[in-house]
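This briefing goes through one protein chain by topic. Please look at the structure below before reading the points.

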Amino acid sequence: MNILKSVENAISGLLEGAFGRVFRSEVRPVELARKLAREMDAHREVSVSRTYAPNEYSVWLSPQDRARYEEVEDDVIDELGAYLLEHARQEDLVLATPPRITFHTDERLALGEFGISAQLTRAADRSGASRRGNATGSARGALSEAGAARAPATGGGETMIWSGSERVRGPLLEAREARANAVLVRSDGRREPLPAGGATIGRSRECEIVVDDPGVSRKHVEIRHAREGWLVEDLGSTNGSTVNGAPLRAPHVLANGDEIEMGSTALRFEER
């Protein structure tokens, strides 16, 4: 086995074992590590002779999940930074600085849900920034100053949301559905209750219903309740939307069983 892969597996094992025992039911460090690596791959920037990867990561947790990390947060951040550094080495990605990871709390996230945003910044952009959450000293020594000086800078990326524990999230969604008079059913059978005030759907964590689909815009469609019933409207998305296969060019009154498609995502509307 490739030596770097062996090291990466060892770090993954540590995250799964030592820290994983502290988080048996909610968002676990190994889940964070895998999704952080996924965001690193998704937001790489190709230069003339190098491929740069994001070096700044924000992890958003629900208040309950964040509280569980309180005693070991710094240790988990160090291990996550080391994991990302090994992943970058194996994929031949250049980092402007050692990976910097910060944890945040978002009241809108449910237990078992978490969000990650990735950003590529120059070393100079971080002057005066807090050192909390940096990778370990050995990781810092592995990066060249030349690489940091020539790294491009990009703006912040959107935050992707995942559920770290479907068995925890399930009962929460069931409770929400009991109070809702309409739901959206995903192709895998998962049910997303529609709030009384309506919902925006897209990749952004600001949406009430978040869709992990690269073909979906940050805020893709809106569903709202009006006098004539539930309306769906495209919010100027890049790839457009359809209802039952027909392009969605104006607000459309939804009927029970209508299928909304955006990117490769299909949502079936069901009304009680």
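Helix 2 passes helix 4 in a right-handed crossing; a crossing is right-handed if the near helix is turned clockwise from the far one by less than a right angle, and left-handed if anticlockwise. This is a predicted model, in which local features need pLDDT of at least 70 and side-chain atom pairs count only at pLDDT 80 or more, while totals for chains, interfaces and linings use all residues. Residues are numbered from 1 along each chain as its sequence is written, and side-chain values use heavy atoms, with hydrogens and water left out.

- The contact (heavy atoms within 4.5 Å) involves Pro29, Leu32, Ala33, Arg34, Leu36, Ala37, Met40 and Asp41 of helix 2, and Val76, Leu80, Tyr83, Leu84, His87 and Ala88 of helix 4.
- Helix 2 covers residues 29-42 and helix 4 covers residues 73-90; they pack at an angle of about 40°, with their axes 10 Å apart.
- Helix 2 is therefore oblique to helix 4, as angles under 35 degrees count as roughly parallel, over 145 as roughly antiparallel, 65 to 115 as roughly perpendicular and the rest as oblique.

**The chain as a whole**

- The chain has seven helices and 17 strands; helices (H or I, at least four residues) and strands (E, at least two) are DSSP runs, numbered from the N terminus.
- Of its 272 residues, 48% count as buried; buried means under 20% relative accessible area, exposed over 50%, and partly exposed in between (1.4 Å probe, protein chains only).

- Five strands form an open sheet with mixed pairing, in the order 10-9-11-12-15; two strands pair if DSSP finds at least two bridges between them.
- At the edges are strand 10 (209-210) and strand 15 (252-253), each of which pairs on one side only.
- Strand 11 (residues 221-226) pairs with strand 12 (residues 229-234) in the antiparallel sense over six bridges, and Ile223 has Val232 in strand 12 as its bridge partner.
- Strand 3 (residues 56-61) and strand 5 are also joined in the antiparallel sense, over six bridges; Val59 has Ile116 in strand 5 as its bridge partner.
- In strand 5 (residues 113-119), six of the seven residues are buried.

**Positive phi in loops**

- Asp92, in the loop between helix 4 and strand 4 (100-105), has a positive phi near 60° and is not a glycine.
- Asp92 is exposed, with a relative accessible area of 63%.
- Asn244 has a positive phi of about 55°, although it is not a glycine, and lies in the loop between strand 13 (241-243) and strand 14 (246-247).

Key: Axes are lines fitted to C-alpha atoms, for helices over the stretch in contact, and angles run from 0 to 180 degrees between N-to-C directions.
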